[in-house]
Amino acid sequence: MSSAREKSEKIVNKHKWIWKNLLLAAAFIALLVVLVSVGLRLITHHGKTVTAPDFTNLTVVQAQVLAKQSNVTVKVVDSVFVRRLNGGVVYRQQPKAGATVKEGRSIFLTINSVVPRKVVMPNLFGYSVTEARSELQNRGLNMGYLDYVKDIATNTVLGQFVDGVEVKAGDLVVSGSTVDLSVAVASEDNRTEVPRVIGMKYVSAIDALHDKFLNVGTVRFDPEIRTYADSVNAVVYKQDAAGSVKALGSRIGLSLTLDTSKIPAK
């Protein structure tokens, strides 16, 4: 009788031991999941976003200081040569100023080289405007005037020019050069909405207009804007036709200032 009781108690104790270890294992796994989740949140800054600051016309050291203050990092990935801009300052950034990014995100900078260099002109024939601009920027070149001509291959590049002269793929051009494009457009597909660029810096405003297949028209600078560096830092406080619908390639006039108090409320 005693032996049967002892045997029964051993079985009960064994079951208790098994259940105890199962519960401990489950608790350990749950704790591990929580720790991993918290760790990932800390590492990836999950859910925390910031606005990418504007690094235009800053030196790399100044950009690094601003980046630290804004909880992002910066990396210099390319250079161009703009004759009228100081050497060593930021000319372009990606993501663009004002974009929403995760904390700790790297902002990639293109700086203005001290010494001009030449790059190989790509073949943009058949590219869309968006693809052409991306390819030009990858080569350290800028997209300039968009000349739309009637053709069935809508929104594809038909020609590429620097200073009014056609440039062939493989030709060497100075880094930072502006490349004008001849672009096809069908007669029934030639309208676009003019974006609001007020509050943007000059380069960002140009990009925003190009995103909508428009050109910069007359640019009016306030009297205190005397140098090219001033123009890069200037912001748009007036523009033509914001929100209206225009033909592709239309010129949009801009007024720029260094006095941000002139920027009207949205």
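This briefing covers the salt bridges and the aromatic pair in a predicted model. Local features need pLDDT of at least 70 and side-chain atom pairs count only at pLDDT 80 or more, while totals for chains, interfaces and linings use all residues. Residues are numbered from 1 along each chain as its sequence is written, and side-chain values use heavy atoms, with hydrogens and water left out.

A search of the whole structure gives 8 salt bridges, a salt bridge being a side-chain nitrogen of Lys or Arg within 4 Å of a carboxyl oxygen of Asp or Glu. The number of aromatic pairs is 1.

**Salt bridges between two residues**

- E135 and R139 form a salt bridge, with 3.1 Å between the closest N and O atoms.
- E135 is buried at 19% relative accessible area, and R139 is partly exposed at 30% (buried means under 20% relative accessible area, exposed over 50%, partly exposed in between, with a 1.4 Å probe and protein chains only).
- R220 forms a salt bridge with D240, and their closest N and O atoms are 3.9 Å apart.
- Helices (H or I, at least four residues) and strands (E, at least two) are DSSP runs, numbered from the N terminus.
- Relative accessible area is 37% for R220, which is partly exposed, and 33% for D240, also partly exposed.
- D222 and K262 meet through their side chains in a salt bridge of 2.8 Å, N to O.
- That pair links distant parts of the chain, 40 residues apart: D222 is in the loop between β13 and α5 (228-233), and K262 is in the segment after β16 (251-257).
- D222 is buried, with 7% relative accessibility, whereas K262 is partly exposed at 38%.

**Salt-bridge network**

- A network of salt bridges links K96, R133, D207 and D211.

**Aromatic pair**

- The ring centres of Y202 and F221 lie 5.8 Å apart and the ring planes are at 90°, so the pair is edge-to-face. Rings of Phe, Tyr and Trp (its six-membered ring) pair if their centres lie within 6.5 Å; planes under 30 degrees apart count as stacked, over 60 as edge-to-face and the rest as tilted.
- Y202 lies in helix α4 (residues 202-211) and F221 in strand β13, so the pair ties together parts that are 19 residues apart in sequence.
- Y202 is buried at 17% relative accessible area, while F221 is partly exposed at 35%.
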